[in-house]
Amino acid sequence: MVLGLFSIAAMDLSESNFNEYPVYEGKDLGLTYTVKSSAFKVWSPPVTQLLLRFYETGMGGKASKTIKMKKGPQGTWGAVVKGNLQGRYYTFQAQIDGKWMDEVPDPYAYAVGTNGKRAQVVDLKLTNPVGWDFDNRPALKNPTDIILYELHLRDLSTHPSSGITNKGKYLGLTEEKTRNPEGQFTGLEHLKELGITHVHLLPVFDYMSVDESRLDEPQFNWGYDPQNYNVPEGSYSSNPEDGATRIREFKQMVRALHNSGIRVVMDVVYNHTGVTDKSNFNQLVPGYYYRQNDKGGFSDASACGNETASERPMVRKFIIESVLHWVKEYHVDGFRFDLMGIHDIETMNQISKAVHAIDPSIFLYGEGWTAGASPLPDDQKAIKANVLKLDKIAAFSDDLRDAIRGHVFTHKEKGFVSGKAGLKESVKFGVVASTWHPEVDYSKVNYSKAAWANGPDQTISYASCHDNHTLWDRLAINNPMLLDEERIKMYRLAVTMVLTAQGVPFLHAGTEMVVTKKGEENSYNKPDEINQLDWTRKYQYKEMFDYVKGLIALRKAHPAFRMTSAAMIREHLKFIPSTEENLTGFILSNHANGDPWHTIAVIYNGSDQVHPVILPRAEWKVVGNGELIDVKNPPVIRNSGVLVPGNSALILYTTNAPGQSNAAEK
């Protein structure tokens with residue numbers, strides 16, 4: 001692809017050339033605004049001239065003013081413009097080797113106009129909603145107390161049954177008391193009712209694929225094509241043209257969630273940009289922000305055309321400062337790093353150090369893999385095998401995911417919940433949250449042959465997410481001959497495994513309503529009809545909603561399911577011996593993690609047959625029988641033998657040590 005009048009491929013993009021670039025240590029890149037003047041600064045060492053252009057609109061029209069920026073220290077260029085520039089749009093245009101590049105917005109821009117083509121001068125203080133200065137994060141004691149709920153913002157509200165007025169918008173997640181036609185809560189009220197602690201929002205930074213000038217036409221995308229990293233996506237705002245509107249409405253959304261006791265996680269995609277040659281970065285510093293392959297072209301571990309070079313000082317600086325901007329300006333509570341394995345370990349640990357200096361409870365996690373080969377050495381990648389080297393950063397457990405449902409890319413392959421043999425040790429590995437436990441045979445774990453987490457707070461336990469088939473669709477594909485009521489048993493078992501395992505549980509939005517994408521695996525650009533939450537399913541699957549809600553409440557009420565260290569897990573969690581291939585269970589004993597219940601037993605039966613299990617002799621109360629969660633009036637078993645129905649889970653407890661009398665509580 002040709003840029004302006006010449007090709008980036010013709011330039012010297014060698015590592016040695018990049019190493020010669022100076023590193024800027026200052027904290028003032030981008031715009032520094034006051035009512036009296038605005039300072040603009042950009043890092044671009046190879047530039048011979050740099051122009052700052054002002055516009056009256058976010059799209060179209062000619063520049064109202066052009067200023068030549070001055071060369072500054074350490075590869076920077078700057079300009080100070082007097083007067084109050086509030087609302088003005090601006091771009092940078094670089095001349096490199098005598099050739100003019102494309103006009104681009106400031107890579108550090110905090111506000112942009114329609115489609116993110118031009119940055120905008122905005123006084124961020126004027127974007128704060130009422131009460132913003134008093135906005136506080138909901139309380140969080142330990143990372144293992146977290147229950148994540150992954151949501152595409154648009155999916156929440158676009159279905160006619162949502163009862164939400166601001167469909168597909170930030171403000172849709174601020175509306176209270178919304179209901180479906182059957183009178184059940186939807187939207188924000190539903191999230192509160194369900195009991196999750198964190199909403200994980202699929203990309204809500206400014207991305208490329210939705211045309212903000214045509215929002216009256218059907219458009220959908222997940223948003224993994226970044227354009228402006230420090231700006232909220234305009235299609236979710238009521239006015240994409242005005243940069244201040246999307247900022248204010250994003251903050252209103254965060255405040256509404258915080259007021260509801262729910263924290264906010266952003267899905268961030270620093271591993272690649274939506275375009276390569278034409279990216280904002282490449283137009284100012286060609287090649288520097290990206291890794292090159294052995295042929296001198298762009299390496300592509302993201303499978304999206306490029307991968308960023310996080311190990312280079314100014315790339316690392318940009319990522320860290322971007323994350324801090326979302327924490328400080330928007331009060332974001334956590335970050336999920338897309339294809340985290342593309343990033344280097346040092347960068348991830350510096351991010352962790354920076355955000356945890358602000359608030360130790362901010363939660364960081366990511367995908368511990370890449371989508372393709374990368375020139376970054378394996379021992380430097382933030383992949384799952386290197387989680388032990390990461391500081392307060394978690395990774396997704398594909399070990400548990402595929403043990404539960406079958407290999408993610410082998411669609412007809414069954415998993416533990418549908419009776420496949422050979423997955424017991426993988427399930428046990430998931431139960432102990434990828435930590436070391438003497439009762440797990442690591443040689444039989446599906447992917448990981450050793451513990452990869454220092455503690456349970458470094459493992460994300462899940463069975464489904466936005467990627468690939470929903471859990472319900474997958475069970476339909478690999479169990480096509482079964483009736484829905486049989487698959488529902490498997491479904492409940494899968495969700496039970498996620499919410500009773502140690503670690504940090506993660507639910508795909510709509511799991512509690514048996515969400516379906518009508519069999520679509522990769523729905524990133526499919527219409528709303530495929531992706532949206534159909535709120536009539538909350539009524540249709542009311543028993544499932546009640547079951548998941550009950551499981552969440554059980555987990556939140558009982559710290560035994562939320563142990564905080566690997567040592568604590570080894571001390572209090574013992575597996576129940578069984579020779580059955582598709583049966584496994586565990587005992588949580590001696591008031592694990594200060595639990596009010598002395599002993600808890602959890603048993604998973606992935607076969608379709610009833611199996612007996614011998615427990616320590618006690619008066620066991622059955623709070624989960626595979627169909628409902630009942631803590632108030634649980635049935636009692638007064639012998640050591642229990643029968644576990646096929647494709648189900650039992651959850652039992654006793655308040656006294658097994659072998660002791662429970663007379664005191666009668």
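Figure 1. Phe575 stands opposite Phe586 in S23. The model is predicted: local features need pLDDT of at least 70 and side-chain atom pairs count only at pLDDT 80 or more, while totals for chains, interfaces and linings use all residues. Residues are numbered from 1 along each chain as its sequence is written, and side-chain values use heavy atoms, with hydrogens and water left out. Strands (E, at least two residues) and helices (H or I, at least four) are DSSP runs, numbered from the N terminus. Strand S22 (residues 573–575) pairs with S23 in the antiparallel sense over 3 bridges; two strands pair if DSSP finds at least two bridges between them. S23 also pairs with strand S24 (residues 599–605), again in the antiparallel sense, over 6 bridges. Here Leu588 has Ile600 in S24 as its bridge partner. Strand S23 (residues 583–588) is mostly covered, with 6 of its 6 residues buried, where buried means under 20% relative accessible area, exposed over 50% and partly exposed in between (1.4 Å probe, protein chains only). Leu583, Gly585 and Ile587 point one way from the strand, and Thr584, Phe586 and Leu588 point the other way.

Figure 2. Strand S26 (residues 620–624) and strand S29 (residues 648–654) run antiparallel and are joined by 3 bridges. Lys621 has Tyr653 in S29 as its bridge partner. Axes are lines fitted to C-alpha atoms, for helices over the stretch in contact, and angles run from 0 to 180 degrees between N-to-C directions.

**Figure 3. Helix H9 and its surroundings.** Helix H9 (residues 424–431) has 8 of its 8 residues buried, so it is largely enclosed by the rest of the structure. The buried residues are Lys424, Glu425, Ser426, Val427, Lys428, Phe429, Gly430 and Val431. They pack against helix H8 (398–405), helix H11 (484–500), S22, S23 and S24. Ala433 follows H9 and has a positive phi, near 60 degrees.

**Figure 4. Crossing of helices H4 and H6.** Two packed helices are described by the angle between their axes and the distance between the axes. The axes of H4 (residues 243–259) and H6 (residues 313–330) cross at roughly 70 degrees and come within 11 Å. H4 and H6 are therefore roughly perpendicular to each other, on a scale where angles under 35 degrees count as roughly parallel, over 145 as roughly antiparallel, 65 to 115 as roughly perpendicular and the rest as oblique. On the H4 side, Ile247, Phe250, Lys251 and Val254 meet Trp326, Glu329 and Tyr330 of H6. By class, this contact of H4 with H6 has 5 nonpolar, no polar and 2 charged residues. Ala, Val, Leu, Ile, Met, Phe, Trp, Tyr, Cys and Pro count as nonpolar, Asp, Glu, Lys and Arg as charged, and the others, Gly among them, as polar.

**Figure 5. Nonpolar cores.** A nonpolar core is a set of buried Ala, Val, Leu, Ile, Met, Phe, Trp, Tyr and Cys residues joined through side-chain atoms within 4.5 Å. The largest has 166 residues, and those with the most contacts inside it are Phe40, Leu52, Leu173, Phe250, Phe335, Phe337 and Tyr604. H6 gives the most to this core, with 10 residues. A second, separate core of 14 residues includes Val613, Leu615, Ala618 and Leu650.

**Figure 6. Strand S9 and its partners.** In strand S9 (residues 89–96), 8 of the 8 residues are buried. Tyr89, Thr91, Gln93 and Gln95 point one way, and Tyr90, Phe92, Ala94 and Ile96 the other way. Strand S5 (residues 49–55) pairs with S9 in the antiparallel sense over 7 bridges, and Leu50 has Ala94 as its bridge partner in S9. S9 and strand S11 (residues 119–120) pair in the antiparallel sense over 2 bridges, with Tyr89 opposite Gln120. In the hairpin of S9 and S10, which has 2 residues between the strands, Asp97 takes a positive phi near 55 degrees.

Methods:
Contact = heavy atoms within 4.5 Å.
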